Amino acid sequence: MRLLPRSAFGQTVLLIGFLLLINQVVSYVSVAVYVINPNLQQINQLLAKQVKVVFIDGGDAKFSPALAEAFHQETGIGVYRERDAQMSGLSQAVYYPYLSQQMSELLDGEAEVRVSQGEEYLFWIRPPQAPSLWVKIPLEGVEEQGSFSPLISFLVLIGILSVAGGWLFVRQLNRPLKALQRAAEDVGRGKFPEPLKEQGSTEVMAVTRAFNHMSKGIKQLESDRSLLMAGISHDLRTPLTRIRLASEMMSENEDYLKEGIEKDIDDMNAIIDQFIDYIRQDMQENTQQVNVNQLVEDVLEQEAVEDRQFVVNYGESVEIPMVHVAMKRVLANLLQNALKYSDDAIEITTEVDRRRNVACIQVADNGPGIRDEDIERLFEPFTQGDTARGTKGSGLGLAIIKRIVDGHGGHVRLKNRRQGGLLAIVELPLK
C-alpha cells in the first residue's frame, strides 16, 4: 500500500502539514521551556518560602494545633497531621514528581508535592523539616498560567487553518495544470480543444501559452496532411480511371492483360482507401454511448460472407462511450484480416472485466499466425507481416486500428493462439 502521495498537489500539502507540525512542536517546547517552566519555578520558590515561614521555629516538636489554626485564619495556609490531611482532601490530590524534585532542592531535603484542583489550586507539601505533617497552600491565578489546554487548542487551531489555507492555495495553483493535462490528453487522442485560458503563476502561464501554440501547430499539420492526401488520392484516381477505360477498349485476344490491369487498379484503389482511412479525423466526432454487442452485430451484417462462418460469443451487454463510425472501422478491419488469412470459422467474443473497468472484443482466426518478434512492429505504419500472413497491401490496417483505439484511451494487442491462428484483443474503458 502506497502511503506517500505521488501527485504534486498531495506532496505540497503533505510538506506544508509536516512543516507546520514541526513549527507547532517547536512552539510548544519553546513556550514550555521559556514561559511555563519559569512560572513553575517561581511558584515553587514562593511555596518553599511559605513552608520555611511555617516551620521557622522548628519541626514536628514545635507543632501546635492552636498556633496552626491561628496561622490558617490569617494566611489561609493550613498544617495537618496525615490523618487530618487525608480527610481535608489530600486523598484526591495528584503527586507531581517534577515539582517534588524542585521542592526538595529548595528545602534541602526530601519533600513531596501534591496538587488538587477545585475552585482553587491547593498545593499539599510534606516538608523535610516535618515529615509527619502536610502543609496546604492555596494559590489563585495558577490555572490560567499553568494550564496547557488553551495553548494546545490555539496551536491545533492555527495548524488546521494553515493546512486548510495551504490546501486551497495549492488547489488553486494546480487548477490550470489539471486543465492542461486534460487538453494534452485530448490532443493525444486526435481532438483539438479551444485554446486554454492563460491563468495561474507566470511559469504555468508560459507553459499554457506554449501548449496553445503547439496545439495550433499540430492541428494545422493535421489539416495540411489531410488536404495533401486528399489531393494525391484524387490525382491518382483520375489516371486510374482513364487506364480502366482504356483497358475496356482492349481486344478480346488481350483479355489476359486486361484482367491483370483491372486487378492492379483494384489493388491501387484499395491502397488509396487505406491512406484515406489512416488520415481520416474520425476522433473529431462526438462520442456516444454504444452497446458493444450491438456494435458487433452491425459490423457482421456489413462484412458477412456467404461461404464463411462467424462464431459469436456475446458477454455482458454494456454501453460504453465511443466514436461509433471509428470503432466500426476497427472491428471491420480486424474481420477483414481474419477472413483474408484463414479459411475456417472466425470466432468473435465480447466480455466485460469489471475489475479492470474495460470492455473487451476478441477476434480469433485459425490461420498460420505470425512470429512473436514481429507482433509489436506490425502496429507501425507501412509495416507488413511475414510471408505466412501474406505481403499484399499498404501495411496501414493495424496502424489505423491502433490509432483509433488509442484515441479512445484503450489498448489493442495481438497474440498467437496455442491451437494455431491469431487472436486480436481490443480493450476499451467503460468510462
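A: Helices (H or I, at least four residues) and strands (E, at least two) are DSSP runs, numbered from the N terminus. This is a predicted model, in which local features need pLDDT of at least 70 and side-chain atom pairs count only at pLDDT 80 or more, while totals for chains, interfaces and linings use all residues. Residues are numbered from 1 along each chain as its sequence is written, and side-chain values use heavy atoms, with hydrogens and water left out.

Q: What do the side chains of Asp406 and Lys402 form?
A: A salt bridge is a side-chain nitrogen of Lys or Arg within 4 Å of a carboxyl oxygen of Asp or Glu. Asp406 and Lys402 meet in one at 3.3 Å, N to O. Buried means under 20% relative accessible area, exposed over 50%, and partly exposed in between (1.4 Å probe, protein chains only). Asp406, at 32%, is therefore partly exposed, and Lys402, at 30%, is also partly exposed.

Q: How many salt bridges does a search of the whole structure find?
A: The search finds 10. One of them joins Arg413 and Glu427 (3.0 Å, N to O). This pair links distant parts of the chain, with Arg413 in strand β11 (residues 411–416) and Glu427 in strand β12 (residues 422–429), 14 residues apart. Arg413 is partly exposed at 32%, whereas Glu427 is buried at 6%.

Q: Which residues are linked in a network of salt bridges?
A: Glu82, Glu112, Arg114 and Arg126 are linked in this way. Arg114 is partly exposed at 22%; Glu112 is buried at 12%.

Q: In what order do the 5 strands of the open sheet stand?
A: Two strands pair if DSSP finds at least two bridges between them. The order here is β1-β5-β4-β3-β2, with antiparallel pairing. β1 (78–81) and β2 (94–95) are at the edges with a single partner strand each, so one side of each has no neighbour in the sheet. β2 pairs with β3 (residues 112–117) over 2 bridges, and Val94 stands opposite Val115 in β3.

Q: How do the axes of α10 and α11 cross?
A: Axes are lines fitted to C-alpha atoms, for helices over the stretch in contact, and angles run from 0 to 180 degrees between N-to-C directions. Helix α10 (residues 324–341) and helix α11 (residues 397–407) have axes that come within 9 Å and cross at roughly 150°.
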